[in-house]
Amino acid sequence: MKKAMRKEARSIASVMRLQFHDCFVNGCDASLLLDDTPNMVGEKLALSNIDSLRSYDVVDEVKEALEKACPGVVSCADLLVIAARDAVVLSGGPYWEVKLGRLDSLTASQEDSNKIMPSPRSNATYLIDLFSRFNLSVQDLVALSGSHSIGKGRCFSIVFRLYNQSGSGRPDPAIEPSFREKLDKLCPLGGDGNVTGDLDATPEIFDNQYFKDLVNGRGFLNSDQTLFTYPITREYVRVFSINQESFFKAFAQGMIKMGDLQSGRPGEIRRNCRVVNSHRPRVEVLFETSKRKE
């Protein structure tokens, strides 16, 4: 992870995001990492993932190193959850102990991903309902949205905010005017939707700047700014914008809860995160806790 960070700072933010997109679809089982096969259309090309998720190569490098050191021991599902934690720590965020013992899925489903993963256009009401399905609270929602403290987002995800919010033909009134001018230049109407912008003012540092930006109307995504415009989530945004320690604590708690999501389906420990093992051994899940090496 350190090597990946030195090569490209954004890469570890991308790795962290993989846990969210994996765990919300049939639990934390690394189904996201499976490549398509003639008999299976996986999750990588799902609506929320295509042209958005990246850094699969970092996961491949980590898995290769793990297999050399202790073959058949660490699942790709555990790898994603540990790597997400390490991405936060390496960016200046909190440390937490990660439960281990997840199994890798034997299949993946683009349809399942399309049904569950939220759009950048989502509003707070929809997000609260979505998170509640996984026993994640409003505080969890706001704290976990703070993952956008690091990384970048695409113009494709915000052009509607800039030029046609809710079909009005006008920009989102919640965007602070000078920030909107900046985004207009970055993402002109009809421009390249794959151009990227910073998700907050300190995109390589995991801190509470994300929440300060929301308070000031400088959220990049609609699904971010809605957390401040909606009354039920607004107070959490205010608290986290003032108290970074409170945010760090809530974020770690939310990540642990999300990491516990399981489907109960049979699984294995893949040798290569992109494909299932040919013999498909089935093993029993056993949660343990990772310990920091002093």
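His148 sits in the loop between helix H7 (138-145) and strand E2 (152-154); helices here are DSSP runs of H or I with at least four residues, strands are E runs of at least two, and both are numbered from the N terminus. This is a predicted model, where local features need pLDDT of at least 70, side-chain atom pairs count only at pLDDT 80 or more, and totals for chains, interfaces and linings use all residues. Residues are numbered from 1 along each chain as its sequence is written, and side-chain values use heavy atoms, with hydrogens and water left out.

An unreviewed UniProt entry puts a "binding site" annotation on His148; such annotations may be inferred rather than shown by experiment. Leaving aside neighbours within four places in sequence, His148 is in contact (heavy atoms within 4.5 Å) with Arg17, Leu199, Asp200, Tyr210, Leu221 and Asp224.

Now for Ser168, which is in the loop between helix H8 (159-163) and helix H9 (177-186). Its side chain reaches the backbone oxygen of Gln165 at 2.7 Å.

Here is how the two residues compare in accessibility. Buried means under 20% relative accessible area, exposed over 50%, and partly exposed in between, with a 1.4 Å probe and protein chains only.

| Residue | Relative accessibility | Class |
|---|---|---|
| His148 | 14% | buried |
| Ser168 | 43% | partly exposed |

Zooming out, the protein has 13 helices and four strands. Its C-alpha trace spans about 55 × 45 × 40 Å along the principal axes. Buried residues make up 48% of the 294 residues.

Technical notes. A polar contact is a pair of N or O atoms within 3.5 Å; within protein, one must be able to donate a hydrogen and the other to accept it, and residues adjacent in sequence count only if both atoms are side-chain atoms.
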